Amino acid sequence: MLTDPEWGHIESLAGLLQPWKVAQQVLESEKIVTSSLVLPHLRIVYDKLATYIKDAEESPDDDDHQLHLSASLVDLARRMMEDFKKRWGDLDIPFHREVDRGAQKRQVGIHPNFVLAHALDPRFKNLSFISNEDNKEELWGAILEEMVVARKQQQLAQVSTPNSLPGDS
């Protein structure tokens with residue numbers, strides 16, 4: 001039978017893993033479009049890890065600490081954060097025009113198309129999950145460039161098909 005402190009550690013571990021569970025459930029959904037939800041859920045997971053580690057550093061000697069932090073759980077949180085940063089990069093600057101590649105040519109960070117989808121989703125039009133203002137401006141600039149390219153392609157397609165009527169797409 002587990003002791004009260006052991007139950008506290010299990011509850012802390014469950015709390016640490018909860019954002020991962022929620023993100024997985026949302027992003028695996030078959031009933032909603034999820035590409036625009038990638039960035040917000042990564043941000044939530046990142047913030048939870050950062051808060052957990054910060055709380056541990058601010059109150060390492062408090063036995064009654066509400067999160068029941070133990071050295072092993074804090075170590076786990078730090079390792080998870082290290083791995084998270086390797087996989088997802090800097091979430092304060094999530095938009096890059098090109099896909100970043102890391103070890104073994106694996107993608108690092110969020111694919112630019114997911115960030116574009118996030119920006120175009122009306123639920124996230126203020127881009128609150130991107131804290132770097134310059135990165136927000138770069139993202140909006142990239143969206144405008146894509147719109148201009150798409151419009152030019154549409155115009156070229158209309159010129160190359162002489163039987164089409166104006167306004168047909």
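How are helix 1 and helix 3 oriented to each other, roughly parallel or roughly antiparallel? The model is predicted, so that local features require pLDDT of at least 70 and side-chain atom pairs count only at pLDDT 80 or more, whereas totals for chains, interfaces and linings use all residues. Residues are numbered from 1 along each chain as its sequence is written, and side-chain values rest on heavy atoms, with hydrogens and water left out.

Two packed helices are described by the angle between their axes and the distance between the axes. Here, axes are lines fitted to C-alpha atoms, for helices over the stretch in contact, and angles run from 0 to 180 degrees between N-to-C directions. Helices (H or I, at least four residues) and strands (E, at least two) are DSSP runs, numbered from the N terminus.

Helix 1 (residues 4–27) packs against helix 3 (residues 71–88) at an angle of about 15 degrees, and the axes are 11 Å apart. The two helices are therefore roughly parallel to each other; angles under 35 degrees count as roughly parallel, over 145 as roughly antiparallel, 65 to 115 as roughly perpendicular and the rest as oblique. Helix 1 passes helix 3 in a right-handed crossing, a crossing being right-handed if the near helix is turned clockwise from the far one by less than a right angle, and left-handed if anticlockwise. On the side of helix 1 the contact (heavy atoms within 4.5 Å) is made by H9, S12, L13, L16, L17 and W20, and on the side of helix 3 by L73, L76, A77, M80 and F84. These residues comprise nine nonpolar, two polar and no charged, where Ala, Val, Leu, Ile, Met, Phe, Trp, Tyr, Cys and Pro count as nonpolar, Asp, Glu, Lys and Arg as charged, and the others, Gly among them, as polar.

Helix 1 also packs against helix 2 (residues 38–58), at an angle of about 175 degrees and with the axes 9 Å apart. Helix 1 and helix 2 are therefore roughly antiparallel. Helix 1 contributes S12, G15, L16, P19, W20, V22, A23, V26 and L27 to this contact, and helix 2 contributes V38, H41, I44, V45, K48, L49 and Y52. The contact of helix 1 with helix 2 divides into 12 nonpolar residues, three polar and one charged.

The structure holds three aromatic pairs. Rings of Phe, Tyr and Trp (its six-membered ring) pair if their centres lie within 6.5 Å; planes under 30 degrees apart count as stacked, over 60 as edge-to-face and the rest as tilted. Y46 and F84 form a tilted pair, at 5.8 Å centre to centre and 40 degrees between the planes. This pair links distant parts of the chain, with Y46 in helix 2 and F84 in helix 3, 38 residues apart. Both Y46 and F84 are buried (under 20% relative accessible area, with exposed over 50% and partly exposed in between; 1.4 Å probe, protein chains only). W20, Y46 and F84 form one aromatic cluster. F124 and F129 form an edge-to-face pair, at 6.1 Å and 75 degrees, and both are buried.

Most residues other than glycine have a negative phi. Q104, although not a glycine, has a positive phi of about 55 degrees. Q104 lies in the loop between strand 1 (100–101) and strand 2 (107–108) and is exposed, with a relative accessible area of 65%. L127, likewise not a glycine, has a positive phi of about 55 degrees. L127 is placed in the loop between helix 4 (112–120) and helix 5 (133–160) and is buried, at 0% relative accessibility.
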